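Subject: Structure handover

Hello,

Here is the structure we talked about, with the sequence alongside. Please open it before reading on; my notes follow below.

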Amino acid sequence: MKPTTYAIVGGGIAGLTTAIALQQIGMHVQLFEAAAEIKPVGAGLGLGTNAVKALASLGLGPEVHEIGQPMKQFSMLTETGKIITHSGLMTTDGRSNLAVHRAELHALLLSKLKPGSFHTGKRVHRLEQHPAYIELHFEDGSQFESDYLVVADGIHSNIRKQLVPDCKIRYAGHCSWRGVAHGIDTTNWEPTESWGKNGRFGMIPLKNNRVYWFACVNAAYGDERFKNYGIENLRQQFKNYHSPIDLVLQHTASDKLIFSPIQDLQPLSRFAYDRVVLIGDAAHATTPNLAQGACQAIEDAVVLANCLKKQSDTVVAFQKFEQHRIKRTHWIVNTSWQLGKIAQLENPLLIQMRNLLLKVMPDAASRRQFQKLETVDLG
């Protein structure tokens with residue numbers, strides 16, 4: 001008898017983690033990635049304790065800790081380096097957030113797939129839904145029939161656009177650059193994010209004397225001036241900011257800069273569409289202000305697998321997944337959007353008022369938000 005097949009579109013963190021989770025519960029999975037080959041690209045990302053917990057449930061805990069740098073403290077600073085807030089990132093049971101290089105996490109996940117289940121150069125052109133199966137049409141002219149489909153191809157998902165033609169991608173009003181600095185002794189460093197009138201600059205130490213950094217600057221959408229920025233432009237942009245920002249920029253290769261407009265997906269009312277389900281950025285792309293984009297994708301993978309394990313009817317399982325995930329992901333998308341507006345203030349008076357309010361905010365208030373992020377029901 002032919003096994004029930006689950007096609008997954010998108011070979012990023014969402015798609016790979018889902019493929020692993022489904023394979024572990026005995027599902028027959030075929031994963032399709034648009035890129036012709038997998039290259040070690042990307043910068044860094046933070047894995048909150050919620051994502052670390054989800055990965056540990058897949059048996060990946062030790063290997064994720066092997067590539068990750070613990071993040072136990074976090075400081076928000078002014079552009080001159082004065083502390084606005086200082087927070088602990090450890091849970092009550094001693095777990096911490098991890099900083100990883102995206103390419104290293106991707107390689108780890110890729111290594112866990114069953115042979116023959118991952119296919120590159122398969123960009124989806126069109127989806128056809130039939131009563132008993134779905135049919136994927138790829139740009140190379142090939143097709144694939146599957147019983148069910150998991151859509152994990154990101155914020156610009158072609159399949160989501162077909163299912164939800166009126167979905168809206170929102171520009172947050174600022175753009176970002178990301179990079180990794182090499183050859184810096186990060187002993188005793190802790191993650192920081194500095195807020196000032198010329199933008200934000202974050203620095204997160206990685207293993208092996210590397211620093212993942214990001215910079216955010218207010219800009220009109222499509223501003224060619226910022227799109228063409230290099231390291232020297234960024235050094236000029238943040239020249240009045242505190243040390244070691246300039247040192248970090250000097251240790252970054254200009255040809256490795258990653259530029260992108262900051263966008264999210266206006267919250268959807270549905271993730272499940274009969275034999276098709278949306279996950280990760282295809283379902284709930286968020287701005288990076290809470291560092292939860294990859295974390296929510298990883299949560300999705302584990303929750304989806306658990307829904308399928310408990311429910312024999314896959315269509316119903318997809319609906320259960322939607323019910324389980326929609327409230328939490330909506331809260332994260334909306335909270336991150338609001339935080340970005342506060343963080344990107346340029347008016348000196350408003351910046352002064354914001355910083356003062358954050359300084360006097362009780363520790364319990366920030367702790368509550370951290371607990372809300374880390375507390376996840378994986379189903």
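How many bridges join strand β1 to strand β2, and do the two run parallel or antiparallel? There are 5 bridges, and the strands run parallel. β1 covers residues 5-9, and β2 covers residues 28-32. Bear in mind that this is a predicted model.

A7 has Q30 as its bridge partner in β2. I8 stands opposite L31 in β2.

How well covered is β1? Of its 5 residues, 5 are buried, so the strand is largely enclosed by the rest of the structure. Side chains in a regular strand alternate between the two faces of the sheet. In β1, one side carries T5, A7 and V9, while the other carries Y6 and I8. All of these are buried, and both faces of the strand are covered.

**The sheet**

β1 belongs to an open sheet of 6 strands. The order is β8-β2-β1-β12-β19-β18, and the pairing is mixed. Which strands stand at the edges? They are β8 (118-119) and β18 (272-273). Each has a single partner strand, so one side of each is left without a neighbour in the sheet.

Helix α1, residues 13-24, lies across β1, β2, β8 and β12. Residues 148-151 make up β12. The helix runs at about 170° to β2.

**The whole chain**

The protein chain has 13 helices and 19 strands. Its radius of gyration is 21 Å, and the globule rule gives 21 Å for 379 residues, so the chain is as compact as a globular protein of that length. The C-alpha trace spans about 65 × 45 × 40 Å along its principal axes.

Of the 379 residues, 54% count as buried. The accessible surface comes to about 17,100 Å². Carbon and sulfur atoms account for 52% of that surface.

One more figure concerns contacts between residues at least 6 apart in sequence. Of these, 72% join residues at least 24 apart.

Best wishes

Terms used: Residues numbered from 1 in each chain as written. Predicted model: local features only at pLDDT ≥ 70, side-chain atom pairs only at ≥ 80, totals over all residues. Heavy atoms only, no water. Pairing = 2+ DSSP bridges. Helix = DSSP H or I, 4+ residues; strand = E, 2+ residues; numbered from the N terminus. Contact = heavy atoms within 4.5 Å. Axes fitted to C-alpha atoms, helices over the stretch in contact; angles between N-to-C directions. Rg over C-alpha atoms; globule rule 2.2 N^0.38 Å. Buried < 20%, exposed > 50% of the residue type's maximum accessible area, 1.4 Å probe, protein only. Areas by Shrake-Rupley, 256 points an atom, 1.4 Å probe, with all protein chains shown as cover.
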